[in-house]
Amino acid sequence: MAKSQIELKVNGKNVEALVEPRTLLIHFLRDQLNLTGPHIGCETSHCGACTVDLDGKSVKSCTIFAVQANGADIRTIEGIANADGTLHAIQEGFREMHGLQCGFCTPGMITRAYRLLQENKNPSEEEIRFGISGNLCRCTGYQNIVRAIQFAAAKLNGAPFQEAAE
Amino acid sequence: MIPAAFTYHRPKSIQEAVALLAKLGDNGRALAGGHSLIPMMKLRLAAPGNLVDLAGIGELKGVRADGNDIVIGAMTTQHELIESNLLADKIPLLRETSLQIADPQVRYLGTLGGNVANGDPGNDMPAVMMCLGASYNVTGKNGERRIAARDFYQGAYLTALETGEVLTGVRIPTPAAGHGWAYEKLKRKVGDYATAAAAVILTMKGGKVESCSIGLTNVADTPLWAQEAERILTGSTLDAATIKRAVAAAEAITSPASDARGPGQYRTKMAGVMLTRALDRAKSRVRGQGSE
């Protein structure tokens, strides 16, 4: 099958590549660009481990073909940290609040939280839970993931982080 | 999970897409948001030789008012429906429904056109479109035609859409100002299809139901338009006895499969429960002279 030429931006860098039309974006990112941060979890668009940011949308990269992303601007977990190499506030939140245990869902969670906080700078706990409902975590029970995102929102807003009363 | 090989096409206009699909016949499929088709292709339940991606066709996007109707382009995503101020104002039922479809990531890409054209009885928008009395704009090589949502669904994955035709948009008569609405959906978890769901649009006058429209999701091979229940409710005060009769009439037209979501009998009863709740909530939202 003839390959298609695609040009896109990934984590700020221009990328040109040849892809088979049937190549899923997650396989393109992991196998051709060696960006193994986005994970392959369920492969059935349920778990969200493969979430990447594409043109301002959180998408499950297992359910879109690389050719569909021709011309897109993509950010993966590898492109989340600050330009000076320090952790992004969301990454810092996950570390400070113990937002991960095994870590498998974490790249998808952080990438999803990144877009959520772009759209809603000060989400309520309910809005956070609704916003990450497309990402599954089998370790934490989500409590600390929610706290991590609350921590990040406070930091990005320049406000002190206050834990909700138990 | 790697789909079978296919050739990818990205037309720039509806005419170009229709010409391609006409030429390709059964060997071509239109690709909208891809969140039904791509999972099917990964499971090799679908293996089209050609995909015609509609994403490059700008005229398929957007929500606009046209006289007394609202027209929504087929490639408008669920996320865009949720964000639309025009819809929040004129047809809040759509926002309420979209928020219950799949999850945030899927809603960024999943489209209204794909949801209604796919013919999957699990999709939520078809019953909502029946409830709203919507019609679908369809373009094929012989030109355009309009099909009422209430006439569109023939069986599971079987619709009035013919090979080579593209559903380009949805036209919805704007419900009366002050109407009540609700979409009640029972699902096991986020991202699940409905065990049963009910859509209701309601107008009231002098404490009585002036008009009422009801659609049911995933309790038959097709979405259902519950006309008999509507007839029973119209003119009533939505008293408990009338609601009970209407719910029984709605349950009577269901024929759900027994599956992982429960036995068929249970799903029929849940359709009734969803309808009861939807009527209650729609009534509480009626504004203007209809409200008490």
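Modeller: A residue is called buried if 20 or more other C-beta atoms lie within 10 Å of its own. Please bear in mind that this is a predicted model.

Colleague: With that cut-off, which residues are buried in α8(B)?

Modeller: Helix α8 of chain B spans residues 125–132 and is mostly covered. Of its 8 residues, 8 are buried. They are Met125(B), Pro126(B), Ala127(B), Val128(B), Met129(B), Met130(B), Cys131(B) and Leu132(B).

Colleague: Which residue takes a positive phi just after α8(B)?

Modeller: Helix α8 of chain B covers residues 125–132. Just after α8(B) there is a positive phi of about 70°, and the residue that takes it is Gly133(B).

Colleague: Is Val19(A) buried or exposed?

Modeller: Val19(A) belongs to strand β2 of chain A, residues 13–19. A residue needs 20 or more other C-beta atoms within 10 Å to count as buried. Val19(A) has 21 such atoms within 10 Å and is therefore buried.

Colleague: How far apart in space are Val19(A) and Ile6(A), C-alpha to C-alpha?

Modeller: Leaving aside neighbours within four places in sequence, Val19(A) is in contact with Lys3(A), Ser4(A), Ile6(A), Phe28(A), Ala66(A) and Val67(A). One of these, Ile6(A), is 13 residues from Val19(A) in sequence. In space, C-alpha to C-alpha, the two are 7.3 Å apart.

Colleague: Which strand gives the largest share of the side of domain 1 of chain A that touches domain 2 of chain A?

Modeller: Chain A is divided into domain 1 (4–79) and domain 2 (89–156), and their centres, taken over C-alpha atoms, are separated by 21 Å. Across the boundary, 15 residues of domain 1 of chain A are in contact with 12 residues of domain 2 of chain A. The domain 1 side comprises 6 nonpolar, 8 polar and 1 charged residues. Its largest share, 3 residues, comes from strand β3 (residues 51–54) of chain A.

Colleague: How is α2(A) placed relative to α5(A)?

Modeller: The axes of helix α2 (residues 89–96) of chain A and helix α5 (residues 143–156) of chain A come within 8 Å and cross at roughly 135°. Because of that angle, α2(A) is oblique to α5(A).

Colleague: How do the residues of the contact of α2(A) with α5(A) divide?

Modeller: From α2(A), the contact involves Ala89(A), Ile90(A), Glu92(A), Gly93(A), Phe94(A) and Glu96(A). Those residues meet Ala148(A), Ile149(A), Phe151(A), Ala152(A), Lys155(A) and Leu156(A) in α5(A). The division is 8 nonpolar, 1 polar and 3 charged.

Colleague: In chain B, what is the handedness of the crossing in which α11(B) passes α12(B)?

Modeller: Helix α11 (residues 240–252) of chain B and helix α12 (residues 264–285) of chain B have axes that come within 9 Å and cross at roughly 140°. That angle is why α11(B) is oblique to α12(B). On the α11(B) side the contact is made by Ile243(B), Val247(B), Ala250(B) and Glu251(B). The crossing is right-handed.

Colleague: Which strand gives the most to the side of chain A that touches chain B?

Modeller: Between the chains, 22 residues of chain A are in contact with 22 residues of chain B. The chain A side divides into 5 nonpolar, 12 polar and 5 charged residues. With 4 residues, the strand that gives the most to this side is β4 (residues 57–60) of chain A.

How values were computed:
Residues are numbered from 1 along each chain as its sequence is written. Chains are lettered from A and ligands numbered from 1 in the order in which they are written. This is a predicted model: local features need pLDDT of at least 70, side-chain atom pairs count only at pLDDT 80 or more; totals for chains, interfaces and linings use all residues. Axes are lines fitted to C-alpha atoms, for helices over the stretch in contact, and angles run from 0 to 180 degrees between N-to-C directions. Helices (H or I, at least four residues) and strands (E, at least two) are DSSP runs, numbered from the N terminus. Angles under 35 degrees count as roughly parallel, over 145 as roughly antiparallel, 65 to 115 as roughly perpendicular and the rest as oblique. A crossing is left-handed if the near helix is turned anticlockwise from the far one by less than a right angle, and right-handed if clockwise. Two residues are in contact if their C-beta atoms, placed from the backbone, lie within 7 Å. Ala, Val, Leu, Ile, Met, Phe, Trp, Tyr, Cys and Pro count as nonpolar, Asp, Glu, Lys and Arg as charged, and the others, Gly among them, as polar. Domain bounds come from an automatic or database domain assignment. A residue is buried if 20 or more other C-beta atoms lie within 10 Å of its own, exposed if 12 or fewer, and partly exposed in between; C-beta atoms are placed from the backbone.
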